[in-house]
Amino acid sequence: MKRELINRAIEAREKAYAPYSHFKVGAAVLGEDGNIYTGCNIENASYGMTVCAERVAIFNMVSSGCRKFKALAVVGGGKEDSAPCLACRQVMTEFCESFDTPVYCNGPEDVIFEHTMREICPYPFVSFIPNEDYND
Ligand code: THU
């Protein structure tokens, strides 16, 4: 599944709209429904309106009716591995299955770095309303 998710993120990266940074990113999440949802970064002339690949993938999942992901993969274009930005980590915190959920980051020469949500979000903001109770 790790390889499959990375491959889907690589595919999704092809769709990236990054005329300003020229840094293309792709992401893929494995939903708890068993489906894979993908996303790419989408930039804007008003730079701050840019949305990262990870959030696009998660929003794609949520808007398709699935609210938890069991794993996330992100693939950037640089020489370093692409760790999710802090804004994305907050959104990931909201929709990950647990703090053991794995996050795969593609590094140079195809090395895949693997971290848990707990490792990359050690002190997250969480709502007082448990997600499990929210079904509207
Ligand atoms: N970007 C992502 O898509 N994901 C990240 O986790 C970090 C950054 C995008 C945003 C922008 O389009 C480009 O990479 C350069 O920052």
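## Around the ligand

An oxygen atom of the ligand sits 2.6 Å from an N or O atom in the side chain of Glu54, a polar contact in the sense of two N or O atoms within 3.5 Å. On its own the ligand has 370 Å² of accessible area, and the protein covers 76% of that (Shrake-Rupley method, 1.4 Å probe).

A quick note on the source: this is a predicted model, where local features need pLDDT of at least 70 and side-chain atom pairs count only at pLDDT 80 or more, while totals for chains, interfaces and linings use all residues. Residues are numbered from 1 along each chain as its sequence is written, and side-chain values use heavy atoms, leaving out hydrogens and water.

Who else surrounds the ligand? Among them are Ser21, Phe23, Asn41, Thr50 and Pro84, where being near takes a heavy atom within 4 Å. By class, this shell has 7 nonpolar, 3 polar and 2 charged residues; Asp, Glu, Lys and Arg count as charged.

Strands are DSSP runs of E with at least two residues, and helices are runs of H or I with at least four. Pro102, Tyr104 and Asn106 point one way, while Val103 and Cys105 point the other.

Strand 4 has partners, and pairing takes at least two DSSP bridges. Strand 3 (residues 69–75) runs parallel to strand 4, with 3 bridges, and Val74 stands opposite Cys105. Strand 5 (residues 112–116) runs antiparallel to strand 4, with 5 bridges, and Tyr104 stands opposite Glu114. In the hairpin of strands 4 and 5, Glu109 takes a positive phi near 55 degrees.

## Salt bridges

The whole structure holds 3 salt bridges, each a side-chain nitrogen of Lys or Arg within 4 Å of a carboxyl oxygen of Asp or Glu. Glu114 pairs with Lys2, with the closest N and O atoms 2.9 Å apart. That links strand 5 to helix 1 (residues 2–13), 112 residues apart.

Lys70 meets Glu97 at 3.1 Å, and Arg118 meets Asp100 at 2.6 Å. Arg118 lies in helix 4, Asp100 in the loop between helix 3 and strand 4.

Definitions and conventions:
A polar contact is a pair of N or O atoms within 3.5 Å; within protein, one must be able to donate a hydrogen and the other to accept it, and residues adjacent in sequence count only if both atoms are side-chain atoms. Buried means under 20% relative accessible area, exposed over 50%, partly exposed in between (1.4 Å probe, protein chains only).
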